[in-house]
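Subject: Structure for you to look at

Hello,

Here is the structure I said I would pass on. Please open it beside this message and follow along; my notes come after it.

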2 protein chains.
Amino acid sequence: MSKGAQTREAILDTASRLARTVGLGGLTIGTLASSAELSKSGLYAHFRSKESLQLAILEHARTRFVTEVLAPSLSTPRGEPRVRRLFESWLFWDAKEGGCLFVAASSELDDQPGPVRDFLVGVQQDWLDSLAEVFRTGVAAGHFRSDVDPEQFAFEEDGVMLSYHMSSRLLGDTLSADRARRAFDALLDRARTQ
Amino acid sequence: MSKGAQTREAILDTASRLARTVGLGGLTIGTLASSAELSKSGLYAHFRSKESLQLAILEHARTRFVTEVLAPSLSTPRGEPRVRRLFESWLFWDAKEGGCLFVAASSELDDQPGPVRDFLVGVQQDWLDSLAEVFRTGVAAGHFRSDVDPEQFAFEEDGVMLSYHMSSRLLGDTLSADRARRAFDALLDRARTQ
């Protein structure tokens, strides 16, 4: 990685952390400059506008998401173990400082048309597709019934995750993870072949 | 209602609509002044700071929420009919322009300590309590099993709602309401006495 690329990555690490706390819309080149100890003009050289900074942060978060959430599940045996691993990886991801950036950004920007919203739509669609696809490996492995709609499963699994996000991040409820796992177990029970 | 109170209500209607679109943090006294066709100084006379404006918007939204979401369920027979009515009233509420302000604001402000966040915590806790309480009327009426944990039911019902919000508002998926109802039916099936 070139020095310029390294600097860019370091800035995006800081920017992602900030964005998870103050929101993607609340992040300004000014506050980022203070946090990253860089000049505003230096930041503008990397990211020409607030919008391109937002897109770069989301791209950066997506790369981390693939590495930290999706990749571990793909190295876990297909079927129920992989379905469970993906769920647990997401809980772990969301429990980090500031929580899942995509959940926060989606609520924030769902009414603001443009490339940032388009990016978030793509991320969310890919995510639901991944949940459904990993569920399908469980059908193929004989763990889950073939008459369960994988997209419906993904919708419900995402709901459990979103409720966990709300319960743990806003309410700070210490039972959040237990409740999420109970809800997810019930979802798996309904889908199981026996 | 006095003329001053009427003006205040009219401003808060406009402000709530704006906040549902640009976010509570994205709403400035300046943009509100243009939308409400009032002077900035006029607005400052009503709301002394951005924070007190945010709190007034949330208070206003809570009053509407009680009237539009909670009240109809209380005039519906206790038990499963009331549980279903509350769920449907929420879907209808969230389908309005900009969607549920509390969902958006909660994601936006869950990492920003202060009175606005405290208010949102109270609203969310009250909401989960209401969901659990209405579920209990179904246990008392013999519709639902007494060994189902009402707080767990509320956690899962809220998850279905949050998934609906994401799916309909961000993705614009026309199947969102169908998926939410299927998920909710499955939740009721698990809780039913027979």
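Which helices of chain B do the buried residues of α5(B) pack against? Before the answer, one caution: this is a predicted model, and the values below are computed from it.

**Helix α5 of chain B**

Helix α5(B) covers residues 80-94, which is 15 residues. From its first C-alpha to its last it reaches 21 Å, close to the 21 Å expected at 1.5 Å a residue. Its buried residues are Glu80(B), Arg82(B), Val83(B), Leu86(B), Phe87(B), Trp90(B) and Asp94(B). When you look at their spacing, keep a general point in mind: an α-helix has 3.6 residues a turn, so residues three or four places apart point the same way.

Now the answer. The partners of these buried residues are four helices of chain B: α4 (50-74), α7 (115-140), α8 (150-170) and α9 (176-191).

**Chain A as a whole**

Of the 194 residues in chain A, 40% are buried. Among contacts in chain A with a separation of 6 or more, 59% are between residues 24 or more positions apart.

**How the two chains are related**

Chain B can be laid on chain A by a turn of 180° and a shift of 0.0 Å along the axis, with an RMSD of 0.0 Å. That is the relation of a two-fold axis. Which residue of chain B comes closest to the rotation axis? Gly159(B) does, with its C-alpha at 2.1 Å.

**Where the chains meet**

In the interface, 34 residues of chain B are in contact with 34 residues of chain A. On the chain B side, the elements that give two or more residues are α6 (101-109), α7, α8 and α9. Helix α8(B) gives the largest share, 12 residues. By type, the residues on this side divide into 12 nonpolar, 13 polar and 9 charged.

Why can the copies be said to meet through the same surface? The reason is that 100% of the interface residues of chain B are also interface residues in chain A.

Regards

Note on methods
Residues numbered from 1 in each chain as written. Chains lettered and ligands numbered in written order. Predicted model: local features only at pLDDT ≥ 70, side-chain atom pairs only at ≥ 80, totals over all residues. Expected span 1.5 Å × (residues − 1). Buried ≥ 20, exposed ≤ 12 C-beta atoms within 10 Å, placed from the backbone. Contact = placed C-beta atoms within 7 Å. Least-squares fit on C-alpha atoms with pLDDT ≥ 70 in both. Nonpolar A, V, L, I, M, F, W, Y, C, P; charged D, E, K, R; others polar.
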